[in-house]
Each structure stands twice: as C-alpha cells, then as structure tokens.
Amino acid sequence: MHQDLGTIDKTVLLFGGPYSNFQATSALFEQADVLGIPNERTICTGDVVAYAADPIETIAAIRARDIVVVAGNCEKQLGQGALECGCGFEEGSACDLMSAGWFGYANKQIVQDDRTWMRQCPDVVSFRHCGERYAVIHGGVTDIARFIWSTSPQAVFDAEWSRLEAQIGPVNHVLSGHCGIPFVRDLNQGRWINAGVIGMPPHDGACQTRFAVLEAGAVQIRSLEYDVEGAFQAMVDAGLTQGYHTGLRSGYWPSEDVLPTALRSSSLANG
C-alpha cells in the first residue's frame with residue numbers, strides 16, 4: 001500500500017525503530033515538541049515493537065500522536081500473528097537466536113486492536129519537499145527486511161530504486177530504516193537517507209540513539225538523549241536479558257554478525 005502525503009515544505013522529523021523502548025519514544029516526542037514539528041510532519045520508518053520492554057506503552061504513545069508509520073517487518077509479522085519477527089537475520093546467528101525472546105514477550109502482550117492498526121500501515125509513503133519527491137520505506141522494496149548499509153554495493157541501491165519507481169513513479173530521494181545505523185549516501189539517482197533508529201544505539205560505543213530532520217531540502221542526523229537506565233531496568237524486570245539490554249548501556253549491539261565487516265566495532269575502533 002502506498003500513501004501520498006502531498007507537499008510538505010516545512011521541517012519533517014523522521015525516525016525508525018522505537019523497538020518497544022518507551023523511554024526513547026517519549027524523548028523523541030519531547031524533541032519534536034521542542035523543535036516545533038507537529039505530528040503531521042513526523043514519520044516513522046517502522047518496527048515500533050522489538051527488543052525492549054514496553055511494547056504496549058510504545059504503541060500507545062505512537063498511536064496517540066497519530067503519526068504516519070511505514071510498515072516494518074515487525075508490524076507485518078505481529079499484525080499477522082506470525083511466530084517470529086522476520087527481521088532478516090541469518091538462521092542460527094546470534095541475533096536470530098536472541099530475537100526469539102523479545103518476540104515471544106511482545107507477541108503475548110499486543111492486543112488485537114493494535115494488530116489491526118499494524119496491518120493498516122502503508123508499505124511506502126511519499127511526499128514532496130522543496131520541489132523534490134521523497135519516498136519512505138522500511139528496509140528494501142524487494143524485501144522489507146533487507147539490510148541496506150552505507151557500504152552496500154551500488155547494484156543494491158540500483159535494484160531497490162528501480163523496483164520502487166516501478167511501483168510509485170519517479171522519486172528524487174529515498175528515506176529508509178531497518179538496518180539501525182544512519183547514513184546518507186549520494187547516488188546517481190539521488191540521496192539514500194537512513195534515519196537510524198531510536199530504540200538502540202548505532203553500534204558506536206555511546207548510549208545516544210539517532211533520528212533525522214529534513215529541512216529546506218537538507219537532512220541532519222541528530223543524537224537522541226533519553227533515560228537509558230530506565231529502559232535497561234525495564235528490560236531486566238521483564239526478563240529480557242538475552243543481550244540487547246546490555247547494548248543500551250554499552251552502545252554496542254550484542255552481536256555483530258549481522259553487520260558488514262567494515263561496520264563492526266573492531267573496525268570502528270581502528271578508525
């Protein structure tokens with residue numbers, strides 16, 4: 001499903017992956033209010049529910065704002081009552097094994113009304129900003145859970161861009177989420193902008209998470225300060241101690257096997 005938001009020439013706030021982190025979600029909305037960005041100019045790239053301890057509260061906060069949420073793989077899976085997250089992790093990987101814990105926890109809590117809301121989230125959102133057309137997706141168009149990194153080959157971006165334009169027509173720029181690490185990559189077609197996620201840090205050794213602001217045709221990736229200790233303790237209290245809880249404090253993901261070699265902490269540490 002494609003949702004066209006028309007023309008939005010004022011500042012747009014973009015974020016992804018609340019991941020059931022209610023503390024980060026609350027902080028994000030506080031930032032939106034400080035920046036004077038209203039709900040109708042706030043867009044989420046999906047995965048409202050995932051690793052952290054407060055799926056119900058996080059969904060409620062998102063729905064109360066009535067912001068646009070692009071369907072992520074978590075919305076698809078939970079909305080359909082599936083048995084696993086469909087995150088795209090390689091079978092048997094550490095991330096794949098750890099995901100079973102949080103998914104089962106969240107799946108038991110989410111009520112039918114929230115599942116219905118998830119099923120109604122659009123797959124693609126588009127809007128015009130300062131004379132150019134933007135499309136917002138979750139991971140990829142060929143695969144909703146495709147991991148597209150700053151280091152991905154040009155051919156990956158070419159394939160996704162072609163499939164996207166085949167669905168909704170020409171676009172100047174693409175906004176995405178899913179992979180968890182924000183970036184802006186200039187391509188022949190335009191910019192591919194990953195807004196990052198607010199629910200987990202971007203594997204850089206710091207606790208702050210990320211969101212993006214689009215203003216006057218320029219995009220800024222911004223850091224988000226939030227109550228990390230509150231989110232950590234909520235996960236411990238909920239028994240979600242498979243590893244993601246420590247990532248909130250350390251700033252590093254509990255497993256790197258999903259990451260390209262160039263984005264792993266050893267590579268980052270070596271500059």
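Residues are numbered from 1 along each chain as its sequence is written, and because the model is predicted, local features need pLDDT of at least 70 and side-chain atom pairs count only at pLDDT 80 or more, whereas totals for chains, interfaces and linings use all residues. Side-chain values use heavy atoms, with hydrogens and water left out.

Begin by colouring the protein chain by pLDDT, the predictor's confidence in each residue from 0 to 100; the average is 91, and 91% of the residues score at least 70. Then select residues 267-271, where pLDDT stays under 50 and the model has five contacts beyond four places in sequence, a contact being heavy atoms within 4.5 Å.

Next, select the five strands that form an open sheet of mixed pairing in the order 4-3-2-10-11. Strands (E, at least two residues) and helices (H or I, at least four) are DSSP runs numbered from the N terminus, and two strands pair if DSSP finds at least two bridges between them. Strand 4 (68-69) and strand 11 (218-224) stand at the edges with a single partner strand each, so one side of each is left without a neighbour in the sheet. Further in, strand 2 (residues 12-15) pairs with strand 3 (residues 42-44) in the parallel sense over three bridges, and leucine 14 stands opposite isoleucine 43.

Now centre on glutamate 75 in helix 3 (residues 73-79). Glutamate 75 is buried yet has no salt bridge, and the nearest side chain of opposite charge, lysine 76, is 9.0 Å away; buried means under 20% relative accessible area (1.4 Å probe, protein chains only), and a salt bridge needs a side-chain nitrogen of Lys or Arg within 4 Å of a carboxyl oxygen of Asp or Glu. A polar atom of the glutamate 75 side chain does lie 2.7 Å from the backbone nitrogen of glycine 72. Show also the residues that glutamate 75 touches beyond four places in sequence, among them Asp47, Val70, Met118 and Cys121.

Finally, move to strand 9 (residues 191-194), from which Arg191 and Ile193 point one way and Trp192 and Asn194 the other, all of them buried. Strand 7 (residues 173-176) runs parallel to strand 9 and is joined to it by four bridges, with histidine 173 partnered by arginine 191. Strand 8 (residues 183-186) pairs with strand 9 in the antiparallel sense, also over four bridges, and here phenylalanine 183 has asparagine 194 as its bridge partner. In the hairpin of strand 8 and strand 9, with four residues between the strands, stop at glycine 190, which takes a positive phi near 155°.

Technical notes: Buried means under 20% relative accessible area, exposed over 50%, partly exposed in between (1.4 Å probe, protein chains only). Lys and Arg count as positive and Asp and Glu as negative; His and the chain ends are not counted. A polar contact is a pair of N or O atoms within 3.5 Å; within protein, one must be able to donate a hydrogen and the other to accept it, and residues adjacent in sequence count only if both atoms are side-chain atoms.
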